[in-house]
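Visitor: I have a structure open here and would like to go through it with you. Could you take my questions as they come?

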Amino acid sequence: MREARATQLSEQKWQRLRVLLFVPNLVDYGRLLLLLLFLCTYSSRPLQAAILYVLSVSLDAIDGALARRYQQSSTFGALLDVLVDNLGRSILWALAIPSPYGTLVPVLEWYATRYLQITSQHFRTRTLLCNQA
C-alpha cells in the first residue's frame, strides 16, 4: 500500500515537473536569455542588441504555435509567456524614457491589461449564467 502511494506521488511530481520542459516553455526560456543578452549589449553593441530583441519578439509568435501543435498548453506556460512579453516591453520602455517615468508605462500597461482580463471574465461569466437560465 505504501509503495503504491509513493509511486503515485512520484508520478504526480513528475507530471508537474514535466510542464517545465514543454517545448513552448523552452522557447520562452530562450526568449528570456535573449532579453538578458540584449541588456548586456545594448550600450556597447546597439545593432547586435536590436537583433537580439527582434529575435526575442519573433520567437513569441512561434511559442504559441508550438503550444497548439504539440498540445502543450499549461497555466505555467501562459504565465511565463506573459511575464517574458511584459519584461521585454518594460526593458524597452525603461531604456527609451529616462527614469523614473520609463518604468511607469509598463506598470500602467499591466494594470490596464489586468483590468481588461477581469472585466472580460466578469462579462463571460455573466453571459454563461444568463444563457443557462
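Visitor: Let me start with Asp85: is it buried or exposed?

Guide: Asp85 is buried, because its relative accessible area is 16%, and a residue counts as buried when that value is under 20%. Please keep in mind throughout that this is a predicted model.

Visitor: Where does Asp85 sit, and what does it touch?

Guide: Asp85 belongs to helix H4, and once residues up to four places away in sequence are set aside, it touches Arg31 and Asp60.

Visitor: Which residues are in the salt-bridge network with Asp85?

Guide: The network of salt bridges links Asp85 with Asp28, Arg31, Asp60, Asp63 and Asp81. The structure as a whole holds six salt bridges.

Visitor: What can you tell me about the pair Arg31 and Asp63?

Guide: Their side chains meet in a salt bridge, with an N to O distance of 3.7 Å. The pair links distant parts of the chain, since Arg31 is in helix H2 and Asp63 is in helix H3, which covers residues 46-69, and the two are 32 residues apart.

Visitor: And are those two buried or exposed?

Guide: Arg31 is buried, with a relative accessible area of 3%, and Asp63 also counts as buried, at 4% relative accessibility.

Visitor: How about Asp81 and Arg31, how far apart are their closest N and O atoms?

Guide: The closest N and O atoms of Asp81 and Arg31 are 2.9 Å apart, and the two residues form a salt bridge. Asp81 lies in helix H4 (residues 75-96) and Arg31 in helix H2, so this pair ties together parts of the chain that are 50 residues apart in sequence. Both Asp81 and Arg31 are buried.

Visitor: Which residue forms a salt bridge with Arg89?

Guide: That is Glu109, and the closest N and O atoms of this pair are 2.6 Å apart. Glu109 lies in helix H5 (residues 101-132) and Arg89 in helix H4, so the bridge ties together parts that are 20 residues apart in sequence. Glu109 counts as partly exposed, at 26% relative accessibility, and Arg89 is partly exposed as well, with a relative accessible area of 30%.

Visitor: Switching to Leu59, what is it in contact with?

Guide: Leaving aside neighbours within four places in sequence, Leu59 is in contact with Val27, Arg31 and Leu34. Leu59 itself lies in helix H3 and is partly exposed, with a relative accessible area of 21%. From Leu59 to Val27 the C-alpha to C-alpha distance is 7.1 Å, although the two are 32 residues apart in sequence.

Visitor: What about the surface, which residues form a nonpolar patch?

Guide: The patch is formed by Trp14, Leu17, Leu20, Leu21, Leu26 and Phe76, which together have about 550 Å² of accessible area. One of these, Leu21, lies in the loop between helix H1 (2-18) and helix H2 (23-41), and Leu21 is exposed, with a relative accessible area of 54%.

Visitor: I also want to check Gln71. What is its phi?

Guide: The phi of Gln71 is near 50 degrees, a positive value in a residue other than glycine. Gln71 lies in the loop between H3 and H4 and counts as exposed, because its relative accessibility is 72% and the exposed class begins over 50%.

Visitor: Last one, the overall picture: how many helices and strands are there?

Guide: The protein has five helices and zero strands. Of its 133 residues, 23% count as buried, and the protein exposes about 10100 Å², with carbon and sulfur atoms supplying 66% of that area. Among contacts with a separation of 6 or more, residues 24 or more positions apart account for 65%.

Technical notes. Residues numbered from 1 in each chain as written. Predicted model: local features only at pLDDT ≥ 70, side-chain atom pairs only at ≥ 80, totals over all residues. Heavy atoms only, no water. Patch = residues over 30% accessible without salt bridge, like charges linked within 9 Å, V, L, I, M, F, W, Y side chains within 5 Å. Areas by Shrake-Rupley, 256 points an atom, 1.4 Å probe, with all protein chains shown as cover. Salt bridge = Lys/Arg side-chain N within 4 Å of Asp/Glu carboxyl O. Helix = DSSP H or I, 4+ residues; strand = E, 2+ residues; numbered from the N terminus. Buried < 20%, exposed > 50% of the residue type's maximum accessible area, 1.4 Å probe, protein only. Contact = heavy atoms within 4.5 Å.
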